[in-house]
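This report walks through one protein fold.

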Amino acid sequence: MNLSMSLRSSAMRLPNHPAITAGEITQSYGVLEDRVGKLAAGLKSRLNLAPGSRVGLAMENCADYLMILYGISRAGLVAVPMNAKLHAKEM
């Protein structure tokens, strides 16, 4: 099962309900679904990544982490989470 399909399902049922809240910023399921779709399309078209390709994900904890994780999944790619505090040589 593609992880991002649960987001799509929630966005269809509850587009205006809050999906992510970080500090004073709240994103609805509909907005998050739209951003995930655009990110997935960009990953496939601009970077020409084949399905199953691995994408390193080295980020601090933030609301965008989930959007990027879902976008990678939606594009048919595999997210490889890495500790953002590692040195470039360690990654």
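The model is a predicted one. H1 itself covers residues 4-13, and its buried residues are Ser4, Leu7, Ser10 and Ala11. Why do these residues line one face of the helix? Seen down the axis of H1, the buried residues fall within an arc of 115°, so they share one face. On the face turned away from that buried side, H1 carries the exposed residues Met12 and Arg13.

## Overall layout

The protein has 3 helices and 4 strands. From the N terminus on, the order of elements is α-β-β-α-β-α-β. The C-alpha trace spans about 40 × 30 × 25 Å along its principal axes. Of the 91 residues, 26% count as buried.

The accessible surface comes to about 6100 Å². Carbon and sulfur atoms account for 55% of that surface.

## The E1-E2 hairpin

Strand E1 takes residues 18-22 and strand E2 takes residues 25-28. The two strands pair in the antiparallel sense, over 4 bridges. Together E1 and E2 form a hairpin, with 2 residues between them. Glycine 23 sits in the turn and has a positive phi of about 65°.

Two of the bridge pairs can be named. Proline 18 has serine 28 in E2 as its bridge partner. Isoleucine 20 is bridged to glutamine 27, also in E2.

## Two buried residues

Is glutamine 27 buried or exposed? This residue of strand E2 counts as buried, because its relative accessibility is 15%, and the cut-off for buried is under 20%. Isoleucine 72 lies in helix H3. Its relative accessibility is 2%, so isoleucine 72 counts as buried too.

| Residue | Relative accessibility | Class |
|---|---|---|
| Glutamine 27 | 15% | buried |
| Isoleucine 72 | 2% | buried |

What does each residue touch? Leaving out residues up to four places away in sequence, glutamine 27 touches His17, Pro18, Ala19, Ile20, Leu32 and Arg35. Ile20 in that list is also the bridge partner of glutamine 27. Pro18 is bridged instead to serine 28.

For isoleucine 72, neighbours within four places in sequence are again set aside. Its contacts are then Leu43, Val55, Leu57, Leu77, Val78 and Ala79. How far apart are isoleucine 72 and valine 55 in space, C-alpha to C-alpha? The distance is 7.5 Å, and the two residues are 17 residues apart in sequence.

Key: Residues are numbered from 1 along each chain as its sequence is written. This is a predicted model: local features need pLDDT of at least 70, side-chain atom pairs count only at pLDDT 80 or more; totals for chains, interfaces and linings use all residues. Side-chain values use heavy atoms; hydrogens and water are left out. Two strands pair if DSSP finds at least two bridges between them. Buried means under 20% relative accessible area, exposed over 50%, partly exposed in between (1.4 Å probe, protein chains only). Accessible areas come from the Shrake-Rupley method with a 1.4 Å probe; for residues, only the protein chains shown count as cover. The arc is that of the directions from the helix axis to the C-beta atoms. Contact means heavy atoms within 4.5 Å.
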